[in-house]
Amino acid sequence: MHDPSCLFCRIVAGEIPADVVHETGRTIAFRDIAPQSPVHVLVIPREHVVSLGAAEDDQASLFGELMLAARDVARKTGLSDSGFRTVLNSGPDGGQEVMHVHAHVLGGRSLTWPPG
Ligand code: 5GP
Ligand code: ZN
């Protein structure tokens with residue numbers, strides 16, 4: 001479902017340009033506009049799903065495809081050996097700003113843990 005008021009739905013629709021690095025049948029991955037690491041890619045479902053917290057049981061295969069797309073983004077961007085971090089922020093305390101679920105794939109430098 002395309003939500004015309006949603007930034008990431010508009011990227012899926014091609015209405016807002018994005019630097020796409022990977023696509024699957026139900027997902028698309030593009031570089032974050034404000035990268036927090038040398039590689040910072042967002043992987044999103046093409047359909048409008050608000051957050052991991054709002055996910056439905058029947059979306060298990062969609063979320064599986066999202067995770068494997070994140071793996072393939074890591075492979076394509078050269079992070080397989082050095083490692084990477086995959087983050088899904090959910091809701092206000094999770095720091096989610098765009099209410100269309102997205103997995104951050106971060107790498108290319110050593111990342112600290114725990115995050116702030
Ligand atoms: P959140 O805080 O919701 O987990 O992450 C949202 C991410 O989307 C942020 O890292 C932010 O930099 C990124 N972002 C916001 N607007 C745009 C945009 O128009 N294009 C791209 N490529 N990334 C965006
Ligand atoms: Zn959306």
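Buried means under 20% relative accessible area, exposed over 50%, and partly exposed in between, using a 1.4 Å probe and protein chains only. Helices (H or I, at least four residues) and strands (E, at least two) are DSSP runs, numbered from the N terminus.

This is a predicted model: local features need pLDDT of at least 70, and side-chain atom pairs count only at pLDDT 80 or more. Residues are numbered from 1 along each chain as its sequence is written.

**Strand 3**

Strand 3 is mostly covered, with 7 of its 7 residues buried. V39, V41, V43 and P45 point one way. H40, L42 and I44 point the other way. Strands pair if DSSP finds at least two bridges between them. The pairings of strand 3 are as follows.

| Partner strand | Bridges to strand 3 | Direction |
|---|---|---|
| Strand 2 (residues 27-31) | 5 bridges | antiparallel |
| Strand 5 (residues 103-107) | 5 bridges | antiparallel |

V43 is the bridge partner of A29. V43 also stands opposite A103 in strand 5.

Q59 lies in the loop between strand 3 (39-45) and helix 2 (60-76). Q59 is buried, at a relative accessible area of 13%. Leaving aside neighbours within four places in sequence, Q59 is in contact (heavy atoms within 4.5 Å) with E47 and V49.

**The aromatic pair**

Rings of Phe, Tyr and Trp (its six-membered ring) pair if their centres lie within 6.5 Å; planes under 30 degrees apart count as stacked, over 60 as edge-to-face and the rest as tilted. The structure holds 1 aromatic pair. F8 and F30 form it edge-to-face, 5.4 Å centre to centre, with 80 degrees between the planes. F8 lies in helix 1 (residues 7-12) and F30 in strand 2, so the pair ties together parts 22 residues apart in sequence. Both F8 and F30 are buried.

Key: Chains lettered and ligands numbered in written order. Heavy atoms only, no water.
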